[in-house]
Amino acid sequence: MNKSISTTFFVDALEDNTASLPVRTEAKIVATFPEKSVVTCRSLDVELFANLSHCKLVASSDPRPGSYLYWGGEDLDRLFTSYSQVVWQVQWNDHSLTVVHMTWDTGCGGDSRDWVIADTTEIAEQFILDLERKTHDPGEAILVFSGGCWNRSESLFHATQKASFEDLILADEMKSIIRDDFSTFLESEDRYQRLGIAWRRGALLIGPPGNGKTHCVRALVKELDIASLYVQSLSHHYYTAEQMWQQVFDRARGLRPCVLVLEDLDSLVNDENRSFFLNQIDGFEQNHGLIILATTNHPDRIDSAIMERPSRFDRKYHFNLPSIEERSAYLENWQRSLSSETGWQSDQILVVAEATEGFSFAYMKELVISSVMSWMRSNNESFVAVLLAQSKILKLQMKTEATQATQAT
Ligand SMILES: Nc1ncnc2c1ncn2[C@@H]1O[C@H](COP(=O)(O)OP(=O)(O)OP(=O)(O)O)[C@@H](O)[C@H]1O
Ligand SMILES: [Mg+2]
């Protein structure tokens, strides 16, 4: 069908890159296919639709696509192609369609259009609807917001699937409280509605680095098994803060019930964008079915309007430095898996737990790993002796880091 799209189609369209570009290009397409219906839209992710096996796709070689190869996507064993301009030949259900995709630089960012060319307007619209529905469902991926747009991350999804509550050590009843809090919430939509309470939940996980906030968020996301969205960064050179928060919440609302993860909330919300964030988070009706999980190392940097109004974050969970019992429990797990190789005995756990006062779990992990490495280099030294020696080195390192942090503030 696209034989009639001229070889120089993209070159001609881009030659006069003014505000009328999309109008002129569309007129040309309509004139080229007088017997077809042409429907215009934007941000149609035809490639993702094909990757999810909902259609077959071939990039026409004439006109030659504007494209480039790049390395560094989710699969490091292959190259990916990014298309700025391309004519796609699409097989979807029993229909053959053509999609012309164009992006261009407007001088203050980029703009794009996708023209769907089909036998009838109805077919084109059904195709667009099916595509939008299926490509917006994250499926086996987590949606990550960065650079002003959402992208599916299968690698984050798989990393999340590895997190579990089993290997997370938390004080007292905290683990079951957190798990029950959210699983009960998810099962109780009808009850909330009968009671006239907004069916939305927000929790803020607070604590110094390396004590399981991210681990807990991931274990929850895995356990809840609903769509998950993760905000990585909100900086963009021309979108406003208001537009960014709007995009974040719009997408989350479209996927409810879902989990919206805001890691390091203190760095996402600042003086410039706080009011927009509060506007979004306060939407009573709109936020039906939203679970917001936020984390922070710096509760002192979060405005009291966010920290102290209960309707914004219903619960605050504290992930503090582990007590001696928690450090012992953590070391027990390691001892069980290392004992046969290293000869580390269970009655030598407490001495290490006592020597690691003030360590976070992340530092405990570093202690064990660096000790294993040092022990492998040593000449059959006692593993506990290596652990104790390494704990002294790490303590010094922690002290230096703490002094540097104080000097920096
Ligand atoms: N309570 C815990 N029980 C078991 N392992 C833990 C615990 N806390 C942390 N860890 C381990 O320590 C590492 C760092 O944990 P995590 O990333 O969850 O910390 P965090 O609180 O999110 O830190 P940050 O504030 O720097 O983001 C992970 O490998 C995690 O599994
Ligand atoms: Mg974290």
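Because the model is predicted, local features need pLDDT of at least 70 and side-chain atom pairs count only at pLDDT 80 or more, whereas totals for chains, interfaces and linings use all residues.

**Stop 1: the domains**

Colour the protein chain by domain: domain 1 is 2–136, domain 2 is 153–318 and domain 3 is 324–404 (the bounds come from an automatic or database domain assignment). Now keep domains 2 and 3 in view, whose C-alpha centres lie 33 Å apart. Their contact takes 8 residues from domain 2 and 8 residues from domain 3 (contact means C-beta atoms, placed from the backbone, within 7 Å). On the domain 2 side, these residues are 4 nonpolar, 3 polar and 1 charged (Ala, Val, Leu, Ile, Met, Phe, Trp, Tyr, Cys and Pro count as nonpolar, Asp, Glu, Lys and Arg as charged, and the others, Gly among them, as polar).

**Stop 2: ligand 1**

Next, select ligand 1 and the 18 residues around it (C-beta atom, placed from the backbone, within 6 Å). Pro-209, Gly-212, Thr-214, His-215 and Phe-361 come nearest. Ligand 1 lies between domain 2 and domain 3, because both give residues to its shell. Helices H8 and H15 each supply at least two of the shell residues (helices are DSSP runs of H or I with at least four residues, numbered from the N terminus). By class, the shell holds 8 nonpolar, 7 polar and 3 charged residues.

**Stop 3: H8 and its partner H6**

Show Ile-178, Arg-179, Phe-182 and Leu-186 in H6, which meet Cys-216, Leu-220, Glu-223 and Leu-224 in H8. This contact has 6 nonpolar, no polar and 2 charged residues.

**Stop 4: H15 and its partner H16**

Finally, select H15 (residues 361–377) and H16 (residues 383–408), whose axes come within 9 Å and cross at roughly 130 degrees. Among the residues in contact are Tyr-363, Leu-367 and Trp-375 of H15, and Phe-383, Leu-387 and Met-398 of H16.

How values were computed
Residues numbered from 1 in each chain as written. Chains lettered and ligands numbered in written order. Contact = placed C-beta atoms within 7 Å. Axes fitted to C-alpha atoms, helices over the stretch in contact; angles between N-to-C directions.
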